[in-house]
Amino acid sequence: MMITEYTDRFPEGFLWGGAVAANQCEGVWDEGGKGIDLASTFKKGLSAGFIGITADDEYNPERTGIDFYHRYKEDIALFKELGFKIFRTSIAWTRIYPTGEEKEPNEAGLAFYDSLFDELLNAGIQPLITISHYEMPYHLVEKYDSWRSRKLIGFFEKYCRTIFERYRNKVKFWLTFNEINNMRRNAGYVGGILFHEGENRMQAIYQAAHHMFVANALAVKMCREIIPDAKIGVMCSLSNVYPYDCHPVTMLETMDCRRRSLFFPDVMLRGYYPTYIYRLWKENNVNITMETGDLDLIRKYTNDFLAFSYYRTTTHAKGQPFFGDTGGDNGTPNPFIETSEFGWQIDPDGFRYTLNELWDRYQVPLFPVENGLGARDTVEDGKIHDPYRVAYLRDHLKAMKEAVCDGVDIMGYTYWGPIDIVGAGTFQMSKRYGFIYVDKDDEGNGTLKRMKKDSFAYYQNVIRTNGEEL
Ligand code: BG6
C-alpha cells in the first residue's frame, strides 16, 4: 500500500487475527510420525536456557499443549466467531522431517497441515505460517551442533521446498524464523545454539546467524519462484528499550543495545551487513566464515515485510549488561509505567514509538504478529472477567491507530495467544493471554474445555468495526 495522504482509519482488508506456535499448543509431540523438536526437550521454560532433556517421568507441558492437534476444528470455529481474517501458527518442522535428514517427508504430518489450512480457509481465515518457531529437529542440534554448521542450510531448504510446493495454493503469508534476533542472547531455543564450555559465544551466535541469513534469503528466493503471489516476512522480537537517563553514555549504550536487535532485520531487509557490526566483531574476536555468493544472495533476496513481537519496554541504565528473555530486553524498571503480575512493563505509547521507529528505518510494511497480556485468570460461576486484558488491548490498539495517523504502513495485527497456550519462557499455563480460556493448570490437570472470557466480545467488536470502535 502506498500512503499518499493523511488517514486516521485502518485500511480496508486490514488483517486482524491471532497468533500461536505449534510447540505451544498442538501437543501430540511424538505421534503421527513426528520427531523430537528442540522446544519439547527443554526441561524448563525457554528462559531458563537448555539445562538438559526432560526425563520420561518428568512433566513437560509443551508435550501435550492444549491438544490443538485434535481440537483445531472447535478452536477455529471460535476464531471465526471472533471474526479473524488471519491466523498465525507454525509448522512443526519435525512433523514434516522428523530428524531433518530424511529424504522423503512424513505424509501424516503434511496431511495434518493440509486439513488445518483447509479448515481455516473454509472459515474465511488466511493462514500466516512461521516456518521455524523454536521447534527445529533436536537431531540436528545433537548431530550437527545446529546452525553452527552450514549443512543446516540444506536441510532447511529442503523443508521449505516441501512446504512451499505442498501448500502453494493455501498459504500466501510466510515468516521464516521466529524472533531470530533473540539469537543475540544466550538463547539456545532460536537456533539451537547450546554453548560449549569456554567457547566464544559471540562467535557461535554470529556464525550461526550468518547461516540463517543465507537460509532466509534462499527461502525468499524459493517462495517467489514457487508461490509468486505470496509474501514472506522477517520475524523479530522488537519490544523496545529506552535510556534510563539522559547521560550521553547511557544514550550511546542504549543505541548499542537496540542495534544488537536491529542488526537482524538490518541484514534481512536492507540486504547487507550494517557497518557498525564490524567493530563489535573485531572487539570480540568474531570471524565469520562466508562462501562466495552468500552476500549476493542476501542482497538480492530481502524479505517483503517486517513482522515483530511487541509486549513491553524496559530501560537501559548506564553500565548495565544487556540481557533479556522471550518478551524482549530486561533492564531497569521504568518508574513511569505499570508492571504486569509477570513482571513485564506495560507501555502502549512504546508500541506507537516502535512502529514509527521501524517504519522510518525500513520503509517496508509492518506486521505486529505478537502483542498481548499474560495474566492469571479466575473462573467464577463459569465466567472469566478479564478487564485487565481488555485495557491492555484497547490501549495498544489505540496506540496502533495513532501510528496509522503518523503515516505508518501496517498490514495487520495478530494478538498473541488468542486461546490460552503453554507459555514459552516459563512453560506456565497460568500465564494466560487468551480471549478463550482453556481448562488446564500448571501441573497438567484439567478437562481442556474451552470457555469465552469477557475480552472475547471486546476483540470481536474491534474486528467487526475494523478498529473504529476501540
Ligand atoms: C515470544 C514468543 O517471545 O513471546 C512466543 O515468540 C512466546 O513463543 C511469547 O509465547 C510470550 O512469551 P511467554 O514467555 O509469556 O510465553
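Q: What does buried mean here, and what share of the 470 residues in the protein is buried?
A: Buried means under 20% relative accessible area, exposed means over 50%, and partly exposed lies in between, with a 1.4 Å probe and protein chains only. By that definition, buried residues make up 62% of the 470 residues in the protein. The model is a predicted one, in which local features need pLDDT of at least 70 and side-chain atom pairs count only at pLDDT 80 or more, while totals for chains, interfaces and linings use all residues. Residues are numbered from 1 along each chain as its sequence is written, and side-chain values use heavy atoms, with hydrogens and water left out.

Q: Why is Arg 201 called partly exposed?
A: The relative accessible area of Arg 201 is 40%, and therefore Arg 201 counts as partly exposed. Arg 201 lies in helix H8, residues 201-226, where a helix is a DSSP run of H or I with at least four residues, a strand is a run of E with at least two, and both are numbered from the N terminus.

Q: What makes the radius of gyration of the protein agree with that of a compact globule?
A: The radius is taken over C-alpha atoms, and the globule rule is 2.2 Å times the number of residues to the power 0.38. With 470 residues a compact globule would have a radius near 23 Å, and the protein has 21 Å, so the two agree. The C-alpha atoms fill a box of roughly 60 × 55 × 45 Å, taken along the principal axes.

Q: How do you know that strands S4 and S5 pair, and in which sense do they run?
A: Two strands pair if DSSP finds at least two bridges between them. Three bridges join strand S4 (residues 173-177) to S5, and these strands run parallel; in one of the pairings, Leu 175 has Gly 233 in S5 as its bridge partner.

Q: What makes strands S5 and S4 mostly covered?
A: In strand S5 (residues 231-237), six of its seven residues are buried, and in S4 five of its five residues are buried.
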